[in-house]
Amino acid sequence: MGFPSPAADYIETTMCADIICNLTANSLVIETSTGAAVVDRGLIARQGDVLFASLDGRTYFGKFMGKAFITHDGDPIEGECLNELQVIGVVTHFVVDTQNGVDDECPVI
């Protein structure tokens, strides 16, 4: 049938969002005002990680800094309220929609 093509050594896989953002069964893709956020529910949250969390029916992006959760607006959640905060997962990627422009509400911390 002939010989194998030398070009076969240079074939790469097609790039897609699943590969770039490492989407797994533990991943959530959440629509934001500027695009999307990829949240991994299987990662252990560490100090300084960007987290997706819920409190009293509202969701927040933020970071644990010391003994407080700082939201993307800069508001601290601390004390007794911190006991009610439910961490949903660690944000691994923010995907920004550049066609609509970046505004001041970008959740990037």
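The questions that follow concern a predicted model.

Q: Why does Asn83 count as exposed?
A: Asn83 has a relative accessibility of 60%. Exposed means over 50%, so Asn83 counts as exposed. Asn83 is found in helix H2, residues 80-84.

Q: What makes E3 mostly covered?
A: Six of the six residues of E3 are buried, and buried means under 20% relative accessible area. Val50, Phe52 and Ser54 point one way from E3, while Leu51, Ala53 and Leu55 point the other way. In a regular strand, side chains alternate between the two faces of the sheet.

Q: How do you know that E3 and E4 pair?
A: Pairing needs at least two bridges, and six bridges join E3 to E4, so the two strands pair. They run antiparallel. Leu55 stands opposite Arg58 in E4. The hairpin of E3 and E4 has two residues between the strands, and Asp56 takes a positive phi near 55° there.

Q: How do you know that E3 pairs with strand E7?
A: Four bridges join E3 to E7 (residues 86-96); at least two are needed, so these strands pair as well. E3 and E7 run antiparallel, and Phe52 stands opposite Gly89 in E7.

Note on methods: Residues numbered from 1 in each chain as written. Predicted model: local features only at pLDDT ≥ 70, side-chain atom pairs only at ≥ 80, totals over all residues. Heavy atoms only, no water. Buried < 20%, exposed > 50% of the residue type's maximum accessible area, 1.4 Å probe, protein only.
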